[in-house]
Amino acid sequence: MERVKEVVAQSPVVIFSKSGCCMSHTIMILIRGFGANPAVYELDRLPNGVEMEKALIGLGCNPSVPAVFVGRNFMGGSHEVMSLNIQGKLKPLLIKANAIWM
């Protein structure tokens, strides 16, 4: 859990992914479409990926990827992030986290 917190603190937008996950790819494209440059961690390519995945599940992300953090806050997985976008709430969150500017 501590390693996840450390990683999340290093960037305004962090996405935990797996290299073959199409929903993770979709979320990355969505967030990059706003002009943000998320830090992406592909759990299946990290030496400590299994431990990080367990920590993400412990935070409530099920399935474990994608797991999206904006401004150090856990937003959820693809369903939650897509819902935020549809409601018009994702862009203001990215602005507030200084991931993008107006």
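A residue counts as buried under 20% relative accessible area, as exposed over 50%, and as partly exposed in between. That scale is used below for a model that is predicted. F74, with a relative accessible area of 28%, is therefore partly exposed, whereas F69, at 5%, is buried.

These two phenylalanines also belong together as rings. A pair of aromatic rings is described by the distance of the centres and the angle of the planes. For F69 and F74 the centres are 5.1 Å apart and the planes make an angle of 45°, which is a tilted arrangement. The search of the whole structure finds three aromatic pairs. Ring pairs join F69 and F74 with F16 and Y41 into a cluster.

Four strands form an open sheet in the order 2-1-3-4, and their pairing is mixed. Strand 2 (39-42) and strand 4 are the edge strands; each has a single partner strand, so one side of each has no neighbour in the sheet. On average, neighbouring strands of this sheet are turned by 20° against each other, direction ignored. Strand 1, residues 13-17, runs parallel to strand 2, and four bridges connect the two. Within this part of the sheet, V14 is placed opposite A39 of strand 2. On the other pair of strands, helix 4 (residues 78-86) lies across strand 3 and strand 4, and its direction is at about 90° to strand 4.

The nonpolar interior can be followed from here. In soluble globular proteins, nonpolar side chains tend to be buried together. The largest nonpolar core in this model has 17 residues, and those touching the most other members are V13, I15, I31, V68, V70, V81 and L94. Two or more residues each are supplied by strand 1, helix 2 (22-33), strand 3, helix 4 and helix 5. Helix 2 gives the largest share, four residues. What does L94 touch, leaving aside residues up to four places away in sequence? The contacts of L94 are V13, I31, F34, V70, A99 and I100.

Most residues other than glycine have a negative phi, and most peptide bonds are trans. Where does the chain depart from the trans form? The peptide bond from N62 to P63 is cis, with omega near 10°. A cis bond also joins V65 and P66, where omega is about -5°. P63 lies in the loop between helix 3 (49-58) and strand 3 (67-70), and P66 is placed in the loop between helix 3 and strand 3 as well.

Positive phi values occur at two sites described here. R72 is not a glycine, yet its phi is positive, about 70°. R72 sits in the loop between strand 3 and strand 4 (73-76). Is R72 buried or exposed? Its relative accessibility is 57%, so R72 counts as exposed. N98, also not a glycine, has a positive phi of about 60° and is found in the segment after helix 5 (90-96).

Conventions: Residues are numbered from 1 along each chain as its sequence is written. This is a predicted model: local features need pLDDT of at least 70, side-chain atom pairs count only at pLDDT 80 or more; totals for chains, interfaces and linings use all residues. Side-chain values use heavy atoms; hydrogens and water are left out. Rings of Phe, Tyr and Trp (its six-membered ring) pair if their centres lie within 6.5 Å; planes under 30 degrees apart count as stacked, over 60 as edge-to-face and the rest as tilted. Buried means under 20% relative accessible area, exposed over 50%, partly exposed in between (1.4 Å probe, protein chains only). Two strands pair if DSSP finds at least two bridges between them. Axes are lines fitted to C-alpha atoms, for helices over the stretch in contact, and angles run from 0 to 180 degrees between N-to-C directions. Contact means heavy atoms within 4.5 Å. A nonpolar core is a set of buried Ala, Val, Leu, Ile, Met, Phe, Trp, Tyr and Cys residues joined through side-chain atoms within 4.5 Å.
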